Amino acid sequence: MPDTAVRAAALDVRRRAERLELRFGDPCDPANPLGFSALLAADGDGELLAAAEELLDDEGFGAELVPVALGGRLRDADQLMRMLRPVFRRDVALAFGYGITSLFAAAPVFAAGGASQRESVARLLVSGGRAAIVHRSLAHGTAMLRGELTAMQYSDGYVLDGRKDVVINAERAGAIVAYVRTDPAPGPASHSVFLLDPGQLPPEGVRLLRRRPTTGMRGCRFAGYEFDECEVPGGALVGELGAGVRLSLRTFQLNRTLITGAVLASVDTVLRAAVRAALAGGTLGRRQRGVLAGVFADLLAGDAMATAVLRALSLLPGAAHLAAAELKYLVPDLLRDDLEELATVLGAGGYSRDTDQGMLGKLLRDLPAAGLGHAGTASCQAVVIPQLPLLARDFWGREAEPPAALFRTAEPVPHLDLGGLEVAGGGDFLAASLTACAGRLADARDEDPYANVLRTMAAAFHADLLAVREACLGIEPGDRAALASPATAALADRHSVLSAAGAALATWEHHRPTATFLADPAWLVLALHRYGRRLGLTLPPPPPDCVDRVAEELLARFRAGRSFDLHDAPLAEAGTP
């Protein structure tokens, strides 16, 4: 596609996202049938807001989940995240229950399915239908990950047995994508993926289980399936027999990054409510200003990491798996801490606004149900930890830094190819970014207060990366006892924060020529200071005006009704003079 056409496609996504945001309307308006009051009422009834689903139908939102080559609008993961944020800004459950789980179900089919399988799933989603995903059973799993299906081959097909009690949209799925155990022996070839048409399954072979109430994402319809000697044709197999684990590791890269990147918009909603609460008492107090500015810096830094990883799925498909796993277990943890900080502002001074308190409580309930809890952490660490000794030996300090387009959000990236994603190897592009940025800052001749602080901070993070490298060099690759130790898990935690610091530094550096707030070092210094505190690093204090500069940008965006992320996008919420 010519460069002008690619840039036109990117502009079209931005316009579609803005149109969707405006069609949802001001969520704080109690008279808005798509606003927070209506969403909370529907959640209380255990349902998704019907009017919101109708709006997404009218927008043809299902096409956003289907690759362009199959008749949809999905070009790359970064652009899809921009389309998801207006929905996540209002309701995590709506985003999951309406569509994103359909993409997660469809992803292995798009990656490895035959032409007819890909086309049938694409038609279903473009037409507004749903696909349900039946996960394999995992240790440390939530209810959604417990229970398992098995399959045995017979003459020209398979016989499925087993039960899965918790499946989103089981009741209304037009397709089922199931990870099924096809080999009783443990190992990477234990599972396979099947694409099933509920309407074509023998009635005596499958039973739809009753809907189960949940604490989080209460509007989503969690039901289940029980298979009993259910015969399915051989053509239901997606890709090769025994390829299920590899397919899940490949496609989970997309799932992990999309959820984490999109949920930043949900925390944006709570931060906006906290600003409103703080301003209800007049001007911001110093403590309130520090909390709000700190959370805003966290959102920008988290978005820097999420955006880099989403773009890496297209630019560096052989290396995105490591950063995708680290993003998924670090950033949600940071966001939970942010929500606790914001709760102190929302609950202070007798401030009371039912929808603001309600949206905070709903988000705290929804995040674990969305996989942003312990189960997500454990599965992501299982991806990261085995790679640390290899990275220490072959990449850290030696790898060239990644392409600038990874961090320049206005530049287009290639089409996403799910089938091209790798699950091991490929290096560590965020550590390479940290190393390169720290080196350039060390060589810079700038002497203003921010330059001096950034130089010292970047050097401290780089020194910590070298310390992690030395510790990982003492671990033999494949030493299961060492890899399972708490000390190695702690090294993985440290490395994830260093990766986030590398993403933030590179994002700031590549936006320095722009006229946006991302060129201001104040947000970066504040974000790095908070990362450093998490690592226990000794860092210089931010310059005296740092918090005020970040807080003023936060207030300016709040008053103008603009998003608290890298894109500074217009919102439907009315600005405050």
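**A helix pair and a cavity**

Reply: Helix H7 (residues 244–279) and helix H9 (residues 320–346) have axes that come within 9 Å and cross at roughly 15°. Helices here are DSSP runs of H or I, at least four residues, numbered from the N terminus; axes are lines fitted to C-alpha atoms over the stretch in contact, with angles from 0 to 180 degrees between N-to-C directions. The model is predicted, with pLDDT of at least 70 needed for local features and 80 or more for side-chain atom pairs, while totals for chains, interfaces and linings use all residues. Residues are numbered from 1 along each chain as its sequence is written, and side-chain values use heavy atoms, without hydrogens or water.

Because of that angle, H7 is roughly parallel to H9 (under 35 degrees). The crossing of H7 and H9 is left-handed (near helix turned anticlockwise from the far one by less than a right angle). The contact of H7 with H9 has 20 nonpolar, 4 polar and 2 charged residues (Asp, Glu, Lys and Arg are charged; Ala, Val, Leu, Ile, Met, Phe, Trp, Tyr, Cys and Pro nonpolar; the others, Gly among them, polar).

The structure holds 7 cavities of 30 Å³ or more (1 Å grid points where a 1.4 Å probe fits but cannot get out). The largest cavity has about 140 Å³ of space. Its lining has 14 residues, with Ala17, Arg82, Pro86, Arg89 and Ala569 the closest to the centre (lining: an atom within 4 Å of a point). Helix H1 (3–24) and helix H4 (77–88) each give two or more residues to this lining, and H1 has the largest share, 4 residues. By class, the lining of the largest cavity has 7 charged, 5 nonpolar and 2 polar residues.

How values were computed:
1 Å grid on protein atoms, 1.4 Å probe; cavity = no way out; pocket = protein on both sides within 12 Å on 5 of 7 lines; lining within 4 Å. Points joined across faces, edges and corners; volume = space filled by probe spheres on them. Parallel < 35°, antiparallel > 145°, perpendicular 65-115°, else oblique.
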